[in-house]
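Colleague: I would like to go through this model with you, starting with the ligand. Could you take my questions one at a time?

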Amino acid sequence: MKEFYIENDGVRLHAKLDMPETAQMNAGKCPLVIVIHGFTGHMEEEHIVAAAGAVNAVGFAALRVEMYGHGGSDGRFEDHTLYKWVTNALAVIDYAKTLDFVSDLHLCGHSQGGLLTMLVGGMRADDLKALIPLSPAWMIPEGAREGNLLGKSFDPAHVPAFLETEDGLRLNGNYVLLAQTIHVEDEIRRFRGPVLIVQGGKDEVVPLEYAQKAEKLYANAKLVVVPEDTHCFNHYPEIMTAAIKEFLRSLK
Ligand code: FER
């Protein structure tokens with residue numbers, strides 16, 4: 001494992017690169033999957049480590065990176081926005097493209113990181129061969145436009161300076177204003193390659209309908225529903241990881 005920072009306009013993004021034990025080397029190269037956590041998440045969460053482990057198990061390299069305001073990366077949580085995360089992810093892709101060993105590049109993210117995967121997948125369709133959105137939080141932009149996020153109601157035409165929850169989460173109103181401008185369908189349509197979506201049938205955070213809608217809208221997507229699992233795959237992580245392994249093997 002190699003631990004380091006990737007620079008993005010002076011912001012340091014904390015990263016860990018895990019190479020597979022037996023790399024699927026082809027003329028000295030192997031595929032790489034970038035793996036990104038969700039809102040309030042980080043790269044050591046069990047489901048993120050499990051997803052990266054599945055990537056390594058099929059001979060691909062896994063690059064876990066923490067986005068602005070999360071984990072060991074720069075920035076305060078309350079100042080993060082989806083635009084900052086998109087800019088971060090674009091910088092991570094630029095970095096990954098400089099690595100000599102990388103053949104194909106793939107992007108995987110959980111929840112807000114899954115939403116990010118769908119957005120950046122559309123923008124960087126030429127650089128990314130496949131996408132793996134896990135429990136993608138597509139409802140965030142819609143919640144921002146409707147005035148309902150983090151279980152809080154607000155006037156979407158007059159967004160407050162901060163959203164604050166009972167459990168002490170504090171988020172800048174700019175997060176909401178920027179999320180209101182995001183239209184996920186546009187980026188879904190721009191990505192024509194293979195997509196694997198995995199979500200628990202009992203996800204308590206993201207309604208399953210969004211994953212079903214995404215599967216239909218993508219040109220080439222497969223949705224694996226883990227019927228008895230929740231948002232972070234706490235109960236049947238092996239079903240989520242088996243789906244990732246089967247999907248990545250099928251890309252060869
Ligand atoms: C919300 C529900 C879920 C929200 C964010 C999330 C900002 C993100 C969840 C995750 O990434 O796990 O209302 O508002």
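Colleague: How far is an oxygen atom of the ligand from a polar backbone atom of Gln112?
Modeller: The distance is 2.9 Å. Please keep in mind that this is a predicted model.

Colleague: Which distance applies to the polar backbone atom of Leu150?
Modeller: For Leu150, a polar backbone atom is 2.7 Å from an oxygen atom of the ligand. Phe39 also takes part, with a backbone N or O atom 2.8 Å from a ligand oxygen atom.

Colleague: And how much of the ligand does the protein bury?
Modeller: The protein buries 87% of the 370 Å² that the ligand exposes when taken alone.

Colleague: Which pocket does the ligand take?
Modeller: The ligand takes up the space of the largest pocket.

Colleague: What residues are around the ligand?
Modeller: Among them are Gly38, Ser111, Met139, Ile140, Tyr175, Val205 and His231. By class, the shell divides into seven nonpolar and four polar residues, with no charged ones.

Colleague: Changing topic, how many disulfides does the structure hold?
Modeller: It holds zero disulfides.

Colleague: What about Cys232?
Modeller: The closest cysteine sulfur to that of Cys232 is again in Cys108, at 13 Å, so the separation is too far for a bond.

Colleague: Is Cys30 buried or exposed?
Modeller: Cys30 is buried, at 0% relative accessible area, whereas Cys232 is partly exposed, at 21%.

Terms used. Residues are numbered from 1 along each chain as its sequence is written. This is a predicted model: local features need pLDDT of at least 70, side-chain atom pairs count only at pLDDT 80 or more; totals for chains, interfaces and linings use all residues. Side-chain values use heavy atoms; hydrogens and water are left out. A residue is near a molecule or strand if one of its heavy atoms lies within 4 Å of it. A polar contact is a pair of N or O atoms within 3.5 Å; within protein, one must be able to donate a hydrogen and the other to accept it, and residues adjacent in sequence count only if both atoms are side-chain atoms. Accessible areas come from the Shrake-Rupley method with a 1.4 Å probe; for residues, only the protein chains shown count as cover. On a 1 Å grid over the protein atoms alone, a cavity is a set of points where a 1.4 Å probe fits but cannot get out, and a pocket is an open set with protein on both sides within 12 Å along at least five of seven lines; lining residues have an atom within 4 Å of a point. A molecule sits in a cavity or pocket if more than half of its atoms lie within 2 Å of its grid points. Ala, Val, Leu, Ile, Met, Phe, Trp, Tyr, Cys and Pro count as nonpolar, Asp, Glu, Lys and Arg as charged, and the others, Gly among them, as polar. A disulfide is a pair of cysteine sulfur atoms within 2.5 Å. Buried means under 20% relative accessible area, exposed over 50%, partly exposed in between (1.4 Å probe, protein chains only).
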